[in-house]
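This report examines selected side-chain and backbone features of one protein model.

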Amino acid sequence: MLNELASSNKVAGVKQSRKAVKEGRAAKVFLARDADPAITEPLEQECTALGVPVEWGFTLNELGRACRISVGAAVAVILR
C-alpha cells in the first residue's frame with residue numbers, strides 16, 4: 001500500500017488533504033493510526049460521506065517516509 005503512495009502524485013498534511021478531498025481530487029486517503037483522533041476522525045467521516053476510500057494502519061513516520069518528507073504525516077492523499 002505504501003508503495004502505491006510513494007509512486008503516485010500525492011499531497012501530505014491535513015490542510016492540503018482536506019482540500020483535495022473537498023475538491024474531488026482525492027483517489028485514496030491514508031490516515032496514521034498514531035495521529036490525534038481529533039485530526040483524523042473528521043477527515044475519515046468526510047471521506048466516507050464522499051465515497052473516498054480510506055486506509056488505516058500506518059504510523060506517522062511511515063506515511064512521512066512514503067511521502068518523502070522529513071517529518072511524520074498524519075494524512076496523505078493519492079490524487080486522481
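The sulfur of C47 lies 15 Å from the closest cysteine sulfur, which belongs to C67, and this is too far for a bond. For C67 the closest cysteine sulfur is in turn that of C47, at 15 Å, again too far for a bond. A disulfide is defined here as a pair of cysteine sulfur atoms within 2.5 Å, and a search of the whole structure returns 0 disulfides. In general terms, a disulfide is a covalent bond between the sulfur atoms of two cysteines.

The model is predicted: local features require pLDDT of at least 70, side-chain atom pairs count only at pLDDT 80 or more, and totals for chains, interfaces and linings use all residues. Residues are numbered from 1 along each chain as its sequence is written, and side-chain values use heavy atoms, with hydrogens and water left out.

Buried means under 20% relative accessible area, exposed over 50%, and partly exposed in between (1.4 Å probe, protein chains only).

| Residue | Relative accessibility | Class |
|---|---|---|
| C47 | 0% | buried |
| C67 | 11% | buried |
| L5 | 0% | buried |
| R68 | 65% | exposed |

Rings of Phe, Tyr and Trp (its six-membered ring) pair if their centres lie within 6.5 Å; planes under 30 degrees apart count as stacked, over 60 as edge-to-face and the rest as tilted. By this rule the count is 1 aromatic pair. The partners are F30 and F58, in a tilted arrangement with 5.8 Å centre to centre and 55° between the planes. Because F30 belongs to strand β2 (residues 26-32) and F58 to strand β3 (residues 54-58), the pair ties together parts that are 28 residues apart in sequence. Both F30 and F58 are buried. Helices (H or I, at least four residues) and strands (E, at least two) are DSSP runs, numbered from the N terminus.

R68 is located in the loop between α4 (60-66) and β4 (75-79). Its phi is near 60°, a positive value in a residue other than glycine. Most residues other than glycine have a negative phi.
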